[in-house]
Protein chains: 4
Amino acid sequence: MTVTDTVRLATIGAGRIGGNHAGLVARHVPGAALAAVADPVPGAAERLAASLGAPYATTDPAAVLGRDDIDGVLITAPARAHTDLVVAAAAAGKHVFVEKPMAVTLEDADRAIAAARDAGVVLQVGFNRRFAPGFAAARAAVDDGRTGTPQLLRSLTRDPGPFTADPARIPRWTIFLETLIHDFDTLCWLNPGAAPVRVHATADALIRPDAKADGHLDTAVVTIRFDNGAIATAEASFSALYGYDVRAEVFGSGGMVTAGSGRSTDMTYYGPEGMHADTARRDTDLLRPAYLAELTAFADAIRHQAPPPVTGHDARRALAIALAAIRSVETAAPVDLAEVTA
Amino acid sequence: MTVTDTVRLATIGAGRIGGNHAGLVARHVPGAALAAVADPVPGAAERLAASLGAPYATTDPAAVLGRDDIDGVLITAPARAHTDLVVAAAAAGKHVFVEKPMAVTLEDADRAIAAARDAGVVLQVGFNRRFAPGFAAARAAVDDGRTGTPQLLRSLTRDPGPFTADPARIPRWTIFLETLIHDFDTLCWLNPGAAPVRVHATADALIRPDAKADGHLDTAVVTIRFDNGAIATAEASFSALYGYDVRAEVFGSGGMVTAGSGRSTDMTYYGPEGMHADTARRDTDLLRPAYLAELTAFADAIRHQAPPPVTGHDARRALAIALAAIRSVETAAPVDLAEVTA
Amino acid sequence: MTVTDTVRLATIGAGRIGGNHAGLVARHVPGAALAAVADPVPGAAERLAASLGAPYATTDPAAVLGRDDIDGVLITAPARAHTDLVVAAAAAGKHVFVEKPMAVTLEDADRAIAAARDAGVVLQVGFNRRFAPGFAAARAAVDDGRTGTPQLLRSLTRDPGPFTADPARIPRWTIFLETLIHDFDTLCWLNPGAAPVRVHATADALIRPDAKADGHLDTAVVTIRFDNGAIATAEASFSALYGYDVRAEVFGSGGMVTAGSGRSTDMTYYGPEGMHADTARRDTDLLRPAYLAELTAFADAIRHQAPPPVTGHDARRALAIALAAIRSVETAAPVDLAEVTA
Amino acid sequence: MTVTDTVRLATIGAGRIGGNHAGLVARHVPGAALAAVADPVPGAAERLAASLGAPYATTDPAAVLGRDDIDGVLITAPARAHTDLVVAAAAAGKHVFVEKPMAVTLEDADRAIAAARDAGVVLQVGFNRRFAPGFAAARAAVDDGRTGTPQLLRSLTRDPGPFTADPARIPRWTIFLETLIHDFDTLCWLNPGAAPVRVHATADALIRPDAKADGHLDTAVVTIRFDNGAIATAEASFSALYGYDVRAEVFGSGGMVTAGSGRSTDMTYYGPEGMHADTARRDTDLLRPAYLAELTAFADAIRHQAPPPVTGHDARRALAIALAAIRSVETAAPVDLAEVTA
């Protein structure tokens with residue numbers, strides 16, 4: 001394609017994030033168009049497509065992959081289906097943006113990476129934090145040497161509460177595989193050139209202790225040791241009553257950089273109770289610029305046949321930490337990454 | 001047009017703000033397309049149109065107004081041409097978004113308002129602050145009663161420095177007619193239902209004192225009295241070395257609300273010199289969400305045949321304050337609005 | 001006295017601020033002791049002296065001035081009595097710390113200055129802002145050149161609300177003579193080397209409009225022009241529902257510096273309503289470090305026979321601005337300082 | 001003693017913290033006097049006593065304990081001497097304020113506690129964070145239920161850099177026993193009613209890797225599990241180039257509270273490089289209000305024969321965590337508190 005051609009994208013998965021991404025592609029990503037929506041839930045794809053003016057909707061993802069008028073797909077289906085969809089899309093010659101986690105086993109991660117490589121398609125993974133302006137500026141401060149060598153890092157994800165989901169419908173290790181995987185990537189990305197070597201995790205069901213017997217975990221802290229000596233902490237909760245909270249901190253030999261404020265605007269109110277500011281309630285609000293930037297980067301990577309800014313290898317690395325954290329919880333002991341990746 | 005039709009817009013004026021707006025329309029405003037660019041400077045329109053994929057470029061604004069494939073125009077030409085372009089566009093049946101100031105005399109303001117009314121076209125004015133998220137939240141706090149009745153207000157605009165323009169090329173009253181006019185609108189908008197009644201202004205050439213003899217003014221403070229008793233201060237400078245600074249404050253019987261932070265991201269760096277944060281250097285960065293929102297609102301107003309969120313009457317009101325401020329400087333005395341508008 | 005001698009101080013006036021200052025002297029000012037308390041209200045001096053372990057209490061200020069065991073006095077009586085007390089104290093050879101306003105006429109100001117000069121005693125005035133750490137750091141940024149030449153300044157004082165005083169008991173021009181006088185001094189002090197030349201003021205009874213007919217004014221904005229071109233704004237309200245609000249801003253050719261946050265601690269709470277921080281409710285809380293520092297400076301000036309950091313001339317300068325502001329309200333026109341001081 | 005008697009205190013240890021505390025007692029703690037200074041270094045006690053006007057100085061701590069004109073002692077000697085000094089002071093009937101760590105073995109902790117109990121003297125430990133206004137407000141938010149049940153906590157201590165000490169002169173486990181012991185107490189105090197049960201620690205020599213072979217550790221992260229499920233992280237570094245950094249965070253079922261800003265004043269400067277604020281360089285600056293408050297509380301506890309706000313039991317609890325953290329580093333595995341305290 002030429003640099004002025006429109007990149008035609010389809011969304012596979014019309015749920016909350018699928019709808020968010022479809023809306024950004026249809027209306028806000030420069031040079032991109034929403035060409036199709038697929039979702040197996042009857043009516044879901046049709047409704048989303050109609051609301052966004054997308055010309056094609058189907059309950060069959062394969063039907064999307066078979067069309068000639070689609071350059072790439074956004075895989076926003078449930079996590080367990082991600083790898084197979086990546087492989088199928090690559091086999092069909094479609095470029096792939098896949099939401100995290102790209103895979104939940106290292107074998108699947110390797111399979112996805114190989115499929116994209118063999119097909120020569122772009123494979124980008126949805127680690128959105130990298131595209132948030134504050135996080136990007138934090139990484140720039142690491143890159144330009146202002147923080148010096150990272151020594152202590154922190155990344156956290158707290159989903160907005162109150163938590164109302166049914167714990168029985170949440171896969172057992174979701175807090176590591178779907179939530180903290182963001183933080184694992186963020187920590188690796190903010191400590192460039194270093195590799196994670198050892199992991200210790202603690203997790204519990206503090207929000208829904210009644211669900212703990214069924215293996216539900218909603219609160220976790222993970223310590224990660226890197227081969228440059230840095231010690232990182234990742235932290236997650238499923239229920240922050242004040243909203244969606246995503247922050248990072250890098251402390252190094254030259255100084256510290258922090259990112260993430262939780263505030264939704266720069267308005268501050270002062271009243272009888274004191275000072276007040278609004279907080280962001282949803283990831284799609286707080287991280288809207290990040291979502292837009294990552295999808296724009298995906299369209300650009302397709303247009304310019306360029307490497308994407310987040311790769312399958314990045315996803316595999318974060319996954320390895322998640323798997324080590326899971327094993328750490330199971331064994332109540334630290335776990336070397338080598339044990340997991342061997 | 002139906003709600004799914006694309007709104008086709010043309011930019012008249014391919015300078016800095018024209019380019020900014022054209023880019024937003026071409027790439028980011030949902031449901032809008034950049035259909036044409038006009039600019040009398042040879043080559044300017046062609047270059048901008050080519051870079052954004054707009055199909056038509058011309059050095060003749062009238063040529064744009066004569067086309068059937070254009071629904072509305074964005075007037076981003078020099079201020080002195082605004083009114084005539086508004087009138088011509090309205091006469092051609094085009095909807096109009098005009099950058100501030102819509103006019104520099106009240107007669108011209110009335111002429112523009114009448115032209116749009118007679119033609120039945122949308123007339124929206126570029127008071128961008130209203131669309132900045134923090135400012136909009138401030139207004140919401142006024143509307144929901146949290147601030148109580150406004151008593152003291154403040155709005156300021158400081159352009160990023162260092163100031164390098166040639167004072168001889170800046171029209172004499174620009175600081176009031178083009179810069180503070182934003183603040184005059186902001187102050188009226190944050191004090192809803194109240195009317196300005198009296199103005200006192202002080203202005204000087206503090207950045208370029210050598211140019212004062214030629215009438216150049218680069219620094220100004222204006223006090224505005226409203227008919228609900230509120231006292232407002234507007235302040236402007238052409239050279240803030242730290243970047244583009246736009247803030248507002250409303251203090252009332254129930255509390256205070258502030259908007260505007262100057263920070264460009266939520267990243268903070270701590271180093272040997274202390275704490276550091278980046279500031280926004282350009283209006284098109286700091287106010288990007290505002291520019292996008294106001295242009296989206298314009299497209300929506302066209303699509304839904306709805307009243308625009310900022311009207312010609314709003315522009316006339318802010319202009320009246322500017323004219324009173326100018327007279328206050330000339331007379332070194334306070335000026336009643338009635339003297340100017342009579 | 002030698003540098004290790006205790007400085008013995010008496011408070012004349014046992015009201016709210018008198019009690020605050022007496023407590024600081026008795027307990028917190030290094031090298032100082034509270035030797036006596038005087039207040040004409042029966043029992044007031046006794047109660048305060050007893051609570052702080054001061055050895056002497058009287059209803060007669062003259063009795064304090066006649067004692068040999070007192071080095072200096074803190075005059076915290078009502079404003080109208082200040083000048084006569086300064087003169088009497090100086091005549092008795094006592095060093096004097098006088099709360100603002102030192103005088104409410106220029107003649108009285110001159111009388112107080114002359115009395116202290118003739119007696120060779122220290123005369124320090126209670127402009128507390130200069131001693132607040134943030135304000136002092138702001139001035140340091142002006143002094144070290146970081147702000148460049150001041151061009152735009154702002155200072156504000158908002159007393160904590162709700163306002164419950166009886167307007168009939170508040171002297172007519174209190175907002176200028178007792179409240180804004182702080183800001184007038186702050187603005188002069190933050191623009192060192194420059195002299196105020198012209199004043200424009202607007203004032204109203206917005207909190208208690210029913211009391212306006214009696215001359216009550218509770219809200220005011222004053223614009224001050226300096227001979228270096230700088231334009232300053234001072235702003236006051238008697239009723240800030242969120243607490244005591246004292247801030248300053250200096251914008252100059254090199255940058256901007258702000259001081260004052262209103263927050264009472266660095267604790268921030270995030271809950272279902274968003275982000276929250278506590279605000280300071282009382283001047284004696286918000287400015288406690290400033291009060292302690294100014295009284296310590298007074299004791300030091302006595303001990304070292306050194307010039308005080310705030311002088312009678314500073315008080316006279318701020319008073320002149322207040323008088324010009326009053327005349328500006330009376331005439332509804334700007335007033336040259338020369339008209340007032342001539 | 002009666003409530004109006006002066007509490008006479010002696011400092012044992014005239015080093016940096018000893019000098020800080022002596023100065024506060026001599027000049028700022030209400031109702032207290034510095035009666036003596038002891039330090040074995042020839043001349044050290046004399047110099048400090050002279051500078052503060054204390055009447056007695058000695059190189060022999062026992063000489064201080066033998067005096068009748070001393071009510072209590074501040075033990076600010078090196079850590080290894082703390083317990084023996086506490087025991088000796090208690091045996092002499094002196095009230096005791098001891099800097100952390102009160103002891104470095106649990107046996108010594110028990111010995112100190114027993115000695116104070118048997119002698120009926122006040123025993124207060126120098127956990128200063130509890131007295132910092134922001135930290136105290138954070139605890140208040142926990143107490144009043146705003147945070148709900150704590151689930152995730154964080155406390156950190158970063159000493160100001162650059163680190164210039166000789167690692168060979170720093171006892172091996174100092175980062176746990178002298179630095180993080182603050183954080184261990186803070187975390188227990190911010191999770192009231194809960195007991196620590198399990199500890200995992202990671203530590204390294206990242207600032208001086210050359211000293212690691214000698215057992216030097218300068219960077220550490222500790223995870224602490226509490227019996228109410230809460231997971232806490234403590235973090236320390238010996239070299240923060242931006243100054244002294246002490247912060248805490250409590251996240252619970254009801255919200256989050258944070259304390260600690262690192263800023264030294266509320267002044268903010270905006271210049272060509274962006275926004276700037278000063279950071280505190282020394283604990284004695286950042287925590288000055290806390291030091292003053294804890295010493296005032298000690299004097300009050302003596303005067304009122306009341307329990308001190310920080311007890312020997314609190315010190316023992318924090319020590320147990322430190323010992324568990326040390327064992328965790330030695331074994332590279334998590335450690336149950338019960339293993340250490342059994």
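Helices and strands are DSSP runs, numbered from the N terminus. The views below show a predicted model.

**View 1. The loop of chain C that holds C:Pro162.** C:Pro162 is placed between strand E7 (150–160) and H7 of chain C, in the loop that links them. The peptide bond joining C:Gly161 and C:Pro162 is cis, with omega about 0°. Most residues other than glycine have a negative phi, and most peptide bonds are trans.

**View 2. A cis peptide bond in chain D.** D:Lys100 and D:Pro101 are joined by a cis peptide bond, for which omega is about -10°. The loop containing D:Pro101 runs between strand E5 (95–98) and helix H5 (106–119) of chain D.

**View 3. The backbone at A:Gln305.** A residue other than glycine, A:Gln305 has a positive phi, near 50°. A:Gln305 is found in the loop between helix H9 (288–303) and helix H10 (312–331) of chain A.

**View 4. Packing of H7 against H10 in chain C.** Two packed helices are described by the angle between their axes and the distance between the axes. In chain C, helix H7 (residues 174–189) packs with helix H10 (residues 312–331) at an angle of about 120°, the axes being 8 Å apart. H7(C) is therefore oblique to H10(C). The crossing of H7(C) past H10(C) is right-handed. From H7(C), the contact draws on C:Phe176, C:Leu177, C:Ile181, C:Phe184, C:Asp185, C:Cys188 and C:Trp189. Residues of H10(C) in the contact include C:Asp314, C:Arg317, C:Leu319, C:Ile321, C:Leu323, C:Ile326 and C:Val329. By class, the residues of this contact of H7(C) with H10(C) are 14 nonpolar, no polar and three charged.

**View 5. Packing of H5 against H10 in chain B.** Helix H5 (residues 106–119) and helix H10 (residues 312–331) of chain B have axes that come within 10 Å and cross at roughly 180°. Angles over 145 degrees count as roughly antiparallel. H5(B) and H10(B) are therefore roughly antiparallel to each other. On the side of H5(B), the contact involves B:Leu106, B:Ala109, B:Asp110 and B:Ile113. These meet B:Gly312, B:His313, B:Arg316, B:Leu319, B:Ala320 and B:Leu323 of H10(B). The contact of H5(B) with H10(B) comprises six nonpolar, two polar and two charged residues.

**View 6. The interface between chain C and chain B.** The size of an interface is often given as the accessible area lost when the parts come together. Between them, chain C and chain B bury about 2,900 Å², of which 60% is on carbon and sulfur atoms. C:Leu152, C:Leu206 and C:Phe251 account for 17% of the area that chain C buries against chain B, more than any other three residues. Chain C contributes 40 residues to the contact, and chain B contributes 40 residues. Of the interface residues of chain C, 100% are also interface residues in chain B, so the copies meet through the same surface.

**View 7. The axis relating chain D to chain A.** Chain D is laid on chain A, with an RMSD of 0.0 Å, by a turn of 180° and a shift of 0.0 Å along the axis. This is the relation of a two-fold axis. In chain D, the C-alpha of D:Ala333 is the nearest to the axis, 3.1 Å from it. Because 100% of the interface residues of chain D are also interface residues in chain A, the copies meet through the same surface.

Key
Residues are numbered from 1 along each chain as its sequence is written. Chains are lettered from A and ligands numbered from 1 in the order in which they are written. This is a predicted model: local features need pLDDT of at least 70, side-chain atom pairs count only at pLDDT 80 or more; totals for chains, interfaces and linings use all residues. Side-chain values use heavy atoms; hydrogens and water are left out. Axes are lines fitted to C-alpha atoms, for helices over the stretch in contact, and angles run from 0 to 180 degrees between N-to-C directions. Helices (H or I, at least four residues) and strands (E, at least two) are DSSP runs, numbered from the N terminus. Angles under 35 degrees count as roughly parallel, over 145 as roughly antiparallel, 65 to 115 as roughly perpendicular and the rest as oblique. A crossing is left-handed if the near helix is turned anticlockwise from the far one by less than a right angle, and right-handed if clockwise. Contact means heavy atoms within 4.5 Å. Ala, Val, Leu, Ile, Met, Phe, Trp, Tyr, Cys and Pro count as nonpolar, Asp, Glu, Lys and Arg as charged, and the others, Gly among them, as polar. Copies are superposed by least squares on the C-alpha atoms of residues with pLDDT of at least 70 in both. Buried area is the accessible area (1.4 Å probe) that two parts lose on being put together, summed over both.
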